[in-house]
Amino acid sequence: KPGGSGGSAVTGDTIKVGANYELSGAVATYGQASVDGITMAIDEINAAGGVNGKKLEIISYDNKSDAAEATTLANKLFTQDNVLVGMGPATSGNFKAIIPVANKNRVPVVSGSATADDVTWDGSTVQEFAFRICFNDSFQGTIMAKFAAENLGASSAVIIKDNSNDYSKGLADAFTTEFENQGGTIVTSEAYVAGDTDFNTILTRIKGQSFDVIYLPGYYSEAGLIIKQARDLGITAPFLGGDGFDSPTLLELAGASALNDVYFTNHYSSIDEDPTVQDFIKAFKEAKGAEPSAFNALGYDVGKFVADAISRASELTGDAVQKAMAETKGFVGVTGTFDMDGHHNPVKTILVIGLKDGVQDSSEKVG
Amino acid sequence: MTEFLQQLINSLSLGSIYALIALGYTMVYGIIKLINFAHGDVYMVGAYVGYACMTHLHLGFFESLIAAMIICTILGVLIERVAYRPLRNSTRIAALITAIGVSLLIEYTMMYFVGADPRAYPEMPAYLTGSFEVGGVIIRNQQVIIIGVAVVLMIALQFIVKKTKMGKAMRAVSQDPDAARLMGISVDRTISFTFAIGSALAGAAGVLVGVYYNSINPLMGIIPGLKAFVAAVFGGIGIIPGALIGGYVIGGAETLVSSIGYSLFKDGVVFAILILILIVKPTGLLGKNVKEKV
Amino acid sequence: MLEVRDLQVHFGVINAIKGISFDVPAGEIVTLIGANGAGKTTTLRTLSGIKKPTAGTITLDGLDITGLSAQDRVRRGMSHVPEGRRIFPDMTVMENLELGAFLRRDVVQSDLDEIFTRFPILAERRRQLAGTLSGGEQQMLAMGRALMAKPKMLLLDEPSMGLAPLLVQEIFDIIISINQAGTTVLLVEQNANIALQIAHHAYVMETGSIVLSGEAKALAQTDEVKRAYLGG
Amino acid sequence: MSLLEATKLTRNFGGLTAVYEADLHIDSGELIGLIGPNGAGKTTLFNLLTGVYPPSSGTITLTIDGKTEDIGGRKPYRICAAGIGRTFQNIRLFKDLTVLDNVATALQQNRPYPLVSALFHIPPFGATERRIRSESLELLEVMGLAGKADELARNLSYGEQRHLEIARALATHPSLLLLDEPAAGMNPFETAELTALIAKLRADFGLTVLLIEHDMSLVMKICERIYVLDHGIVIASGTPDEVRNNPKVIEAYLGGEEVGNA
Amino acid sequence: MKTLKPMFWRALPFIVAYVVVLALISAGVINDYIFAIIVTICINIILASSLNLVTGFTGQFSLGHAGFMALGAYTCALITMHFDSVFGFALGILGGAVVSALVGALVGLPTLRLRGDYLAIATLGMAEIIRVILLNLGITNGAAGLSGIPQYADWNWVFGLTAVTLIVLWNYIRSSHGRRAIAVREDEIAAEAIGINTTAVKVQAFTIGAFFAGIGGGLYATYFYVIKPDQFGFLKSIDILVIVVLGGLGSLSGTVVAAIVLALVSTVLADFSDIRMIIYSLILVLIMIFRPGGLMGSKEITDTVLGKVFRRKEAKA
Ligand SMILES: Nc1ncnc2c1ncn2[C@@H]1O[C@H](COP(=O)(O)OP(=O)(O)OP(=O)(O)O)[C@@H](O)[C@H]1O
Ligand SMILES: Nc1ncnc2c1ncn2[C@@H]1O[C@H](COP(=O)(O)OP(=O)(O)OP(=O)(O)O)[C@@H](O)[C@H]1O
Ligand SMILES: [Mg+2]
Ligand SMILES: [Mg+2]
């Protein structure tokens, strides 16, 4: 059965785009932050006259952090609201759940933060209508392992991962593989689950061992607490993490004094002189009164990326926009400039950012 | 050895936090047999009130603590009035569902106003954040405070329930509200009082945990609420020392499982331990195994 | 002491009490008898404020108490030994008795002693959980608990139910002595024989209405009562 | 012919000995009373016989159709299956079920049909259900509750509830029926009716009955033999006349005048 | 003939539901979105009615139904992914149900010694243990879960499984086995005294409940493409319980009504993404305050006015 290929997505002067995000439930933080970024981007675009003279209208739904709900809402967006493009969900699992719906209805969908390796390409087939604008887990894990071995001279590491989170496990696995390739050893691997607040037990365990660095591929909400509690316990080893660290909340939670010798892989750096980055940070601070997080920035780029693809599409149909997305070259976003590769993954450089007293102090382009 | 002692401190402070929430929980639970799922959320509100007092009103720790307790008391009594009282005579599961509704309502109303992102408590004075070392074991002042508060509150509550007139009234109401009225006890007032105390405790726990972990968010009440429920039941329904011990057992089991390297399986193993103990002691650790008189 | 006028009680649509009026004069024992389901228990529950009437007035000592809460009625000297005893099962015998004196501020030790002399078995069981008492022991406890309030007006719902014969005598002796000590008693009994022997006045209820009333001893002689309630 | 034999039955609750070395002997077809002061241990004895509490010591044997079984400490449902039915001092009906279903539930202890038959309503489901229904109605008829078959049990008056409990106990096809204060809460007139009914039940169903009762008008009228329990000990047993005139019994239980018989 | 006609009247609502949906699908009125809602309703009906058997009819307070659902979902998904065909799917559904029922019986046996809230904790713990195992097993792919599960569940399957669940549960409850279960709920001591082996009854109810929860889980896995351990957490068990209580403990038709009502509420609220949870929770509280016994109490549709009309027809027939 042919899907609604954007039949009524365009009415008069508006183009409908859908947002299917985690606004409540366990990972509401990521969904809300992404939507904040998206809204900002779309508002900017509309204020500047829209896409080819048409305004973008966001239809936003809350999938309650639930894959089944995400699927149902994807159906609603694609068969009832007939949006031209779908954005989100934020997490890989939920994004994967809607991809079949997108393919079936021939509506392109974009995620800014579905980082699991196999989201758009499982090694044999490309998910035709699914795109993402973030690098994948192995990339981050691999880069950080290299950085640890080469730049920090580390030969032994401890891993603390969020066992309930595939992102965290993905990064940890990639890190392990590369770090061992570089001749290093993983001394021990500890786990927590999202929402935990007390990490003293695993940290006490770690404290008794000898190692050079701690790899902590998790989100700022727990990472902040872990780093703080570790420093309180007298653990001084460097902490390494992924883009999940990128949030002002990390500083709030851990406190400035704890955030020394902390490095994480990220899409961009706030000390980057690039005007795209600085304008975004400035605008975001004005709008929300806070520093942006990685989710904000990625959400913002999702909005911009969608608008860019629509503007380049030969006509306003799902197929045409899909084609435009697949052919993206040199898209300039806050989170980097990239081409879309054949697997619908962006080809991006990655930064390793170092913190000193909680503020970004160094950034190094890798990869 | 040092590591063992350190882990012991860890487990005691973690257990105390569960106990702190479980105490208020078991109290309400013991009196009206309501699994008050909203208790964890009252605790969350307490944490936010404390946060607001400290960051926006620039109040000190104790003033903020008192403020949180007062606001939570009002909130708790209000919830009971509006949502639970109409269900007094219906089944316990119906009341449970209402409590779940109230819990969601508080969580998402809060989230609507403050967003889902965690907030951090401001810097605390040194007497709270400091730490000292005893033979290689680092003990933080907050840990001492939290353990102390939990034990003192347990004793105070036990005294209220067992020795005071109000406490007797509470127990009477829990066993037979109509008969309690025939003794001249005001059932409504007694239940309101119970909620007031329970909620004040939740408020205090919220601020203490906020200070201790430094991180609060609108959904922070769910997991501790659940664990407190488990601790309360595990210790024996409505038995106040049971809540404390239940809290310590869960805290201890979690620490034990993680500290011997099974942090991957932590929650599963902890529940397995709980189930095994319950099978041996089907009415909780301190629950008397009295068979119903036939 | 107690005046009831046109009292009506409903359970949903069921009209359980259909407008009854009666008096309990101060210092007397008045008994209410009637078959199962006649509405005796409901009447007592309404008098003590557990159940709200749909119409009618209840006056205690000249004061209209119809709108008062149960605990206010207790405060005004009303005490109710409910059907089915309703002791607090998870509290000790002692605690149950103490709750009986919940609203009193004066010393109650002497009252406790008095109860324990009346019901020695309760003294033996004072630390036992009330729920594990035998049926008769629970009945004694319920009675003792009500007496701890030092009531002016005592409502008794089938106090002899489940009691051994020896105790039945005793409990009625106690009722008489309580009454002689100045407490007014409204007694609901299935054991109509004794009830009519010890009461001053009696009312007979049938399906929510009072069908007969009069002096207790005289009523016991009437054919209707003999046939329907005395089994002879 | 001996039906039930209990020897040296003892039950402690903590420090309290509720029943102490009680011996009980019941012949098939007898109607026996069990009396004693409040708290003497009568209900506890019932609970031991029906497995609600296991005895602390002592044995209970049941002989039915020449087969003798040791039932001491067995689970209640197995004792029921072995042939002892009971009622409770504090009525324990299935309050939210209809009167008919209360009885029907008891009519099926030996699995009337297999699970598949229940899940798909395939034979012998229909026929068996019809049989259960008609048998239940018969029992209700006997107990004078036929008109109330579709009422919820909780809506019955106290006296009716007591009757329903007996009907439910009868539905388990007991050889020995234990009644715990069946006349409690009934007036003398109703008690007299019940007395006649119990006698009739025994005859019609070929039952053996052991009953606890404080109403001497009932006990003395229909019981052939009476056991008297005091402080958990059997202090006397014998015919109503023997018991009535036993000074120990008078002192412990009956008191001077026989109030209940007035 | 005599027995056939009432059966016809009982089957009527099912036939009507089946035909109407089928017709609307082919007429294009039911798009994928509406169909997804219908599937959600059906899955919720299966899950909630099986929980109702355990909690509503047998009186055993379970907070772990999502655990059984998870077993069914993973088993079905793994089998279907391995044998990618309708036959594999059918095998998957059956396999999921059987695995779930086996675990239900296994866990039920020791834990059903517990009562009330103690049992609730034990079942909650059991579901958590299942979830933690799924999170750490290789075959279940850990936190990322399974994705790309082939979707075989069309209207015939969804309807068929829902109808079978409801009919079988209805039959069970209205049989001597069901009466025993209800007796256990009402009064365990009295139930034992009339010869009911309460443990056996509980284990049976638990096993049957788990069996159908497994079916619900299987359907869920194949319809929604992706399953992850965190979908089967404690909150899922609560969601199912909410449906049961909202419909009325001990009312199968209540469960159906509640599943539909909640889905409608949720559908309407989807358009208010930022306040949907606030409104949803308010509605929940209000319904419970005004209908504490649930929408249907412990009555069935057949006990209401509507049912009377039907019954008259049955009687005439
Ligand atoms: N909670 C209730 N809901 C509905 N009906 C009730 C309720 N309580 C009592 N009734 C009905 O009210 C009527 C009077 O009952 P009540 O208990 O007052 O009788 P009673 O005279 O005390 O009988 P008994 O001698 O058996 O104790 C009965 O028909 C009874 O079924
Ligand atoms: N489960 C229990 N726990 C503790 N004590 C108990 C328990 N059951 C009974 N008893 C005690 O055992 C004694 C005997 O009780 P039982 O109920 O057998 O008395 P009874 O002879 O039936 O009295 P009644 O005629 O008053 O019903 C009582 O003192 C009672 O308090
Ligand atoms: Mg009565
Ligand atoms: Mg007894």
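1. Glu83(C) counts as partly exposed in this predicted model, because its relative accessibility is 30%. Thr41(C), by contrast, is buried, with a relative accessible area of 19%; the cut-off for that class is under 20%.

2. In it, 37 residues of chain E are in contact with 43 residues of chain B. The area buried between the two chains is about 3600 Å², and carbon and sulfur atoms give 83% of that area. In chain E, the residues that lose the most area to chain B are Asp117(E), Tyr118(E) and Ile121(E); together they account for 19% of what that side buries.

3. Specific polar interactions across this interface can also be listed. The rule finds seven residue pairs in polar contact between chain E and chain B, both residues at pLDDT 80 or more. It finds one salt bridge across the interface. A salt bridge joins the side chains of Asp117(E) and Arg92(B), with an N to O distance of 2.7 Å. Asp117(E) is also among the residues of chain E that lose the most area to chain B.

4. Which helices of chain E each supply at least two residues of the side that touches chain B? They are α4 (86–111), α5 (116–136), α10 (234–247) and α12 (276–290). Of the elements of chain E, α5(E) gives the most to this side, with eleven residues. By residue class, the side of chain E that touches chain B divides into 28 nonpolar, five polar and four charged residues.

5. A last point concerns Ala258(E), which is found in helix α11 (residues 252–269) of chain E. Is this residue buried or exposed? Ala258(E) counts as buried, because its relative accessibility is 0%. Leaving aside neighbours within four places in sequence, Ala258(E) is in contact with Ile243(E), Leu246(E), Gly247(E) and Leu295(E). The C-alpha atoms of Ala258(E) and Ala48(E) are separated by 9.4 Å, although the two residues are 210 residues apart along the chain.

Methods:
Residues are numbered from 1 along each chain as its sequence is written. Chains are lettered from A and ligands numbered from 1 in the order in which they are written. This is a predicted model: local features need pLDDT of at least 70, side-chain atom pairs count only at pLDDT 80 or more; totals for chains, interfaces and linings use all residues. Side-chain values use heavy atoms; hydrogens and water are left out. Helices (H or I, at least four residues) and strands (E, at least two) are DSSP runs, numbered from the N terminus. Buried means under 20% relative accessible area, exposed over 50%, partly exposed in between (1.4 Å probe, protein chains only). Contact means heavy atoms within 4.5 Å. Buried area is the accessible area (1.4 Å probe) that two parts lose on being put together, summed over both. A salt bridge is a side-chain nitrogen of Lys or Arg within 4 Å of a carboxyl oxygen of Asp or Glu. A polar contact is a pair of N or O atoms within 3.5 Å; within protein, one must be able to donate a hydrogen and the other to accept it, and residues adjacent in sequence count only if both atoms are side-chain atoms. Ala, Val, Leu, Ile, Met, Phe, Trp, Tyr, Cys and Pro count as nonpolar, Asp, Glu, Lys and Arg as charged, and the others, Gly among them, as polar.
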